[in-house]
Structure formats: C-alpha cells, structure tokens
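Biologist: Let us read this model together, feature by feature. Please give me the general idea each time, then the case.

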Amino acid sequence: MSEQAIVDPDIGYQLIPTEASDYATQVDHLYYGLLGLSALLIAILVGLIAVFGFRYHRSRTGARRPRIAGKAGHRIEIGFAAMLALFFMGLFYWGSHLYMDVYGDEPSDITINVIGKQWMWKVQHPDGTREINTLHVPVGESVTLRLTSQDVIHSFSIPALRLKRDAVPGFYTTARFTASQTGEFRLFCAEYCGNDHSRMRGRVVVMSRADYEDWLTRHGEGPSPAVAGKQLFQSHGCTGCHQDSAGAPAPALDGLYGRTVPLEGGDTIVADEAYIRDSILQPQKHVVAGFQPIMPSFSGQISESEIFQMIAYIKSLQPGDWHQDDASGATQ
C-alpha cells in the first residue's frame with residue numbers, strides 16, 4: 001500500500017467527535033446515561049464509606065444510635081437493589097433498541113461492500129465504483145455496509161457516525177447509518193491487526209445526492225457487480241453444471257436468493273448471502289437434496305471482491321431467467 005492511499009481529513013483534536021449520523025445523539029445520551037449512573041453509584045459508595053468511617057471511628061465516644069430493625073433493614077436493601085435493577089434494565093432496553101437500529105436487517109437506500117485487508121479498506125459501491133481507504137456516501141440516505149475481511153479480524157470505525165463493526169474472515173457483518181450532515185470524517189481500524197495497524201485509516205466523505213451522483217459518474221469504471229459476477233460465473237465454468245440442461249448435475253440458480261432450499265438429510269436452509277458464500281467456498285457444507293456432492297471448492301481461487309460479485313449476480317437472477325436447454329450460459 002502506498003502512502004498516497006491514506007488521505008486523512010483535515011480535522012483537529014476533538015474530545016467528543018461531531019455527531020454526524022441520525023443516531024449519534026442517542027448513542028451519546030446512552031453513553032452519558034451510563035457514565036452518570038456509574039458516577040452516582042461510585043459517589044454513593046464513597047459517601048457511605050466516608051460517613052461510616054467518621055461515624056464509627058474508634059476515637060468517637062458516646063452512645064451510638066440503635067441499629068435499624070431487621071425488617072426495615074431488609075426493605076432498604078431490597079428497595080435499593082430493585083431500584084438499581086430497574087435502572088440497568090432500562091439502560092439495557094435502551095441500548096438493545098439502539099443496537100437493533102444500527103445492526104438490524106432493515107432495508108436501506110444503498111448497500112456498499114467493504115473488505116478489510118492488511119492494511120487498507122476496499123470499498124465497492126452498488127454500480128461497481130471502487131475506492132480504497134475512502135468512503136463516499138450521500139447525506140440523508142440510509143446506507144448499509146456489508147463487511148468482511150480478507151485476512152485477519154479488523155474493525156470498521158467511524159467515530160463521527162458512532163459506528164464500529166468488526167470485519168471477520170469468512171463471515172458477513174452489516175452496519176446501517178444515515179449521515180446527517182455533509183463533510184469529511186475520520187475512518188479507522190479499531191482492532192489491532194498487525195504491525196502497520198496504525199496505517200489502516202482513511203476518511204468518510206458525506207456529500208449531497210447530486211454531488212454523489214457526479215462523483216460516481218467521474219470515478220465509476222468497469223461493469224456493475226452483477227455483470228462482473230456473471231462474467232466470473234462463466235469464466236470459471238459454473239454454467240457447465242448449473243446451466244447446461246434439464247439434466248444438469250447441479251441445481252439451477254435462477255430465483256435462488258431468498259428461497260428455502262431442501263438439503264440432503266432432510267434439513268432446509270434459506271438461500272441468503274452466507275449460504276451462497278458457503279456454497280462457493282465450502283460446497284460440501286450444504287449439499288442440495290437430489291444432487292451429488294461433486295462441486296469443487298473455489299477457496300483460494302477467487303477474492304472476497306469476486307465473491308461479492310458472484311453473490312450479486314446470483315441475487316439478480318429471477319425465476320425463469322435461465323432456460324435449462326440453453327448451453328451457452330447466457331441469461332435469457
């Protein structure tokens with residue numbers, strides 16, 4: 001990776017980063033709530049230690065007040081414990097609700113693929129436009145990031161958006177946000193990933209929809225992920241088994257995405273992105289009922305970017321797109 005690939009935004013030191021996403025304020029309020037409750041508990045604990053230390057010091061003389069009666073003492077203890085439980089249950093509900101907003105499966109306006117690799121972030125937009133260590137997004141539109149890693153565990157962190165999500169080899173994770181203001185913001189890897197971990201950083205550029213479209217027009221090149229995936233599908237000879245004829249040795253893939261697939265042994269599985277990925281890299285993991293486990297693994301033969309493209313192509317196939325009697329592999 002060249003030094004030119006790292007472009008840091010011109011932002012000075014900030015104790016509290018700018019709130020630049022739709023949920024950033026909620027995250028900060030939750031943080032302050034936890035901080036305030038923790039400070040209150042510490043103050044109560046330290047206060048009680050100080051009061052009891054003074055009140056019951058051995059140098060003090062005179063009669064002491066009688067102890068609190070047994071039932072009254074128990075009520076005080078139970079009441080204090082119940083109050084704490086309610087506070088923390090409220091914080092748990094608040095945090096889990098916010099977590100589901102950020103990491104749930106809600107549909108979004110744009111889905112962008114992000115691949116972590118020592119020591120860079122590779123980004124691919126829906127139209128196929130690519131960039132490294134920089135993420136351009138439109139303001140006011142929901143964006144889902146689909147993350148994975150090509151080598152070790154990384155963590156995609158944008159403090160201004162209050163977003164941090166691990167990128168794990170062999171898995172897809174997602175994170176969702178809506179940028180609330182234009183500008184440039186810092187991008188980090190928040191998981192130590194090797195000797196040059198500190199160089200794995202960049203910037204997020206939030207711009208208006210018009211500027212984003214203009215940026216895509218000026219920087220876009222090459223086919224869309226679905227088109228590139230189709231080319232890969234054909235170049236790796238997948239059509240020979242999946243799209244050859246009615247007696248093809250492998251199942252047809254048109255209309256596959258989102259469908260429930262019967263497996264050998266009687267189980268079923270929903271054909272989501274993880275299933276397609278496993279079928280490419282670990283084809284023996286989920287053998288479709290009625291077919292032999294003859295598919296070879298493509299692990300090590302195609303990159304994470306190419307897997308994203310293959311998945312985009314298979315997701316784009318609608319029922320009937322393929323004609324099983326067409327041996328050319330061309331989508332009808």
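Biologist: Which residue lies over the face of F54?

Modeller: First, the ground rules. This is a predicted model, so local features need pLDDT of at least 70 and side-chain atom pairs count only at pLDDT 80 or more, while totals for chains, interfaces and linings use all residues. Residues are numbered from 1 along each chain as its sequence is written, and side-chain values use heavy atoms, with hydrogens and water left out. A charge sits over a ring if NZ of Lys or CZ of Arg is within 6 Å of the ring centre and within 35 degrees of the ring normal. Here R60 lies over the face of F54, at 4.6 Å from the ring centre.

Biologist: Which residue lies over the face of Y172?

Modeller: R277, at 5.2 Å from the ring centre of Y172.

Biologist: How do I read a pair of aromatic rings?

Modeller: Use the distance of the centres and the angle of the planes. W121 lies in strand β2 and F156 in strand β6, so the pair ties together parts that are 35 residues apart in sequence. Helices (H or I, at least four residues) and strands (E, at least two) are DSSP runs, numbered from the N terminus.

Biologist: Is F156 buried or exposed?

Modeller: Buried means under 20% relative accessible area, exposed over 50%, partly exposed in between (1.4 Å probe, protein chains only). F156 has 0% relative accessibility, so it counts as buried. W121 is also at 0% and buried.

Biologist: What is the strand order in the open sheet of 5 strands?

Modeller: Two strands pair if DSSP finds at least two bridges between them. The order is β4-β10-β9-β6-β7, with mixed pairing. The edge strands are β4 and β7. Strands β6 and β9 pair in the antiparallel sense over 2 bridges. F156 stands opposite C189 in β9.

Biologist: Why is helix α6 largely enclosed by the rest of the structure?

Modeller: Because 8 of its 9 residues are buried. R277 is one of them. Contact means heavy atoms within 4.5 Å. The cover of the buried α6 residues includes β5, β11, β12 and α7.
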